[in-house]
There are 2 protein chains.
Amino acid sequence: MKQTYFTPGPAELYPTFYQHLQTALDDQIGSISHRSEKFRSIYRHTDEQLRILLNIPASHGIFFTGSASEVWERVLFNCVEHESFHLVNGSFSRKFYDYANSLHKFAHLFEKPFGEGFDLAEIDVPEYAELVCLTHNETSSGVQMRPVEMHKLKRKYPKKLFCVDMVSSAPYPDLDFSLIDSAFFSVQKAFGMPAGLGVWIASKACLEKAERLQKYDSLTIGAHHTLPTLWKHYDTFETPATPNVLYIYLLGKITEDFNKIGIDTIRKQTEEKARLLYKFLDESSAYEAFVKEERHRSQTVIVANTEQPSADVIAATKAAGMVVGSGYGKHKATQIRIANFPATSISQVNALINQLKK
Amino acid sequence: MKQTYFTPGPAELYPTFYQHLQTALDDQIGSISHRSEKFRSIYRHTDEQLRILLNIPASHGIFFTGSASEVWERVLFNCVEHESFHLVNGSFSRKFYDYANSLHKFAHLFEKPFGEGFDLAEIDVPEYAELVCLTHNETSSGVQMRPVEMHKLKRKYPKKLFCVDMVSSAPYPDLDFSLIDSAFFSVQKAFGMPAGLGVWIASKACLEKAERLQKYDSLTIGAHHTLPTLWKHYDTFETPATPNVLYIYLLGKITEDFNKIGIDTIRKQTEEKARLLYKFLDESSAYEAFVKEERHRSQTVIVANTEQPSADVIAATKAAGMVVGSGYGKHKATQIRIANFPATSISQVNALINQLKK
């Protein structure tokens, strides 16, 4: 039986994915050279569409990696000489912090319990931290940080570089890229594609930092996908190595579809579906929203405690043709996670709610 | 017009690619969790089929990255404390060497002019080199190194780790993995898939080295796709981050198809098609094989000097429904490169030769 995937990534494929894939196959996009004009026009198109969707200014470049996890490493290599600062409240923000430690950066940590979020007033960025690492949406716990708070934090610390993990929420958060130096996501979440492509947005300030660090003998900024190499090739819409050409094409096409709907409408639809889901959870006796503070509740990954073992809920839902995610880590048996991405419609969300009510 | 791609990667898609992709879409492989039993069985199947095809022993693990270029960086991070040694005779073997410099390794170089190959007798591996970096097939110049020479070199230096770039030749070279510690390739060459997946084969000796280096404060082995993390997850056929699940599935299916034909037959077909192409070039007055020494001539990427401007040859060939590659770098205008991968049949190669004769 064909399932509807409400899993937080990999997730349901966007409905137009299939027709774009067919066009790409007919056009032999899988065989074209990444040094051809045809590829450059694909990169240019995807770049243009992402700029429109996410309101990305000319000061920032858009680059492709193998995954968003790779970007954790790249941004730390390229933008941190000694010290980074991490807000950690779940498994993925912690992995970003762990990556900094693996690279022998001095990584400062402000940690909150799983399920809790961050508010501006309580955040002090350490004096020598060069890069502030924020997670817009913590996929493991369903907690989000409001962009307005991120922007205010940057205004408080204007000389530090700010980086936002928007892996499981882009294009939902309305980031102001005059304040946010770098952000990244992967395509298997809200863009409704199979996994295998990371998107890295970075400013010229990030590039300048990387160019400075690259001159030091005492540290490396890595060899593959360094920001100076990415940017040099980006100037002509090429990539240093052979990229995932097919997925870059598909991302451009799906982003174009998003732009036809309009980012405001997509954000409103996301909020409306999230409202329905949280309303159901708040009124239900069999479920409850895991995140207590409304301002910290994710709009794109909704986490619920289940009265029954979550495996039973997942099995019953699957039997009805819908797949929800299990809880993360030690919450696996007691929580479910419901992705709220553009690929699933309001009527599909209502069908899920009706099933969960049973 | 549908073209037949004889380009050295991205290249012609393998004929069975389309049906496997359709099956994957029907089965919603693009949406499944990388933490599910379904994904583990996909990884296990691809691993099994690659082991059969390439005769990979249990001492070696098989891992997935974003590209083969990424593996250049990973193997240097994980297997070199101070010194590496590189045989360089073209643009890609040089990039491997450049990566070592970018990581501040002390990289020893033995370089030959573009178009020339390496013979065992002339190679002295520096005393303190920890990793010997060989390129089986230099994609830019069409030069190959014979596996038997690689094996003898390892026997001469048994304590050093040996790594083979087989990006544009796998599964053709018959490597003896009791001697070769690591090898890697990407799927958009001889496996006939779109770009976006690298395959990294590495031995327990590589893992042990990485585990040792990981304890040092004085260097980093990176944070993403480190060998200890890859191997830990590999033990249960998982990956540290969300991988390109769809392409791992497709790689397993195409490798299974290769195994049904049999690696001996694939190698013989490759040699037969290469023989036809080199025979044509040797007898032609309008073309000549760029690589003079027969023992150094690549079986998978055949490079020819053209009497006419290569752009004219490429345009005429394209008008006839076939795409050949241009020369690399400064040879762009005077050479063509013809990929000889399993995706193109002997009759397609004959059709190309007939066209080039015109």
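The text below describes each interface in turn and sets them side by side in a table.

The model is predicted: local features need pLDDT of at least 70, side-chain atom pairs count only at pLDDT 80 or more, and totals for chains, interfaces and linings use all residues. Residues are numbered from 1 along each chain as its sequence is written, chains are lettered from A and ligands numbered from 1 in the order in which they are written, and side-chain values use heavy atoms, with hydrogens and water left out.

Chain A is divided into domain 1 (4-11 + 263-357) and domain 2 (17-260), with bounds from an automatic or database domain assignment. Their centres, taken over C-alpha atoms, are 26 Å apart.

Contact means heavy atoms within 4.5 Å. Buried area is the accessible area (1.4 Å probe) that two parts lose on being put together, summed over both.

| Interface | Residues in contact | Buried area |
|---|---|---|
| chain B and chain A | 53 from chain B, 53 from chain A | about 3900 Å² |

Between the domains, A:R267, A:H296 and A:Y328 supply 27% of the area that domain 1 of chain A buries against domain 2 of chain A, more than any other three residues. A:R267 also forms a salt bridge with A:D174 at 3.6 Å between the closest N and O atoms; the term requires a side-chain nitrogen of Lys or Arg within 4 Å of a carboxyl oxygen of Asp or Glu.

Between chain B and chain A there are 2 salt bridges. A:R74 and B:E73 form a salt bridge through their side chains (2.9 Å, N to O).
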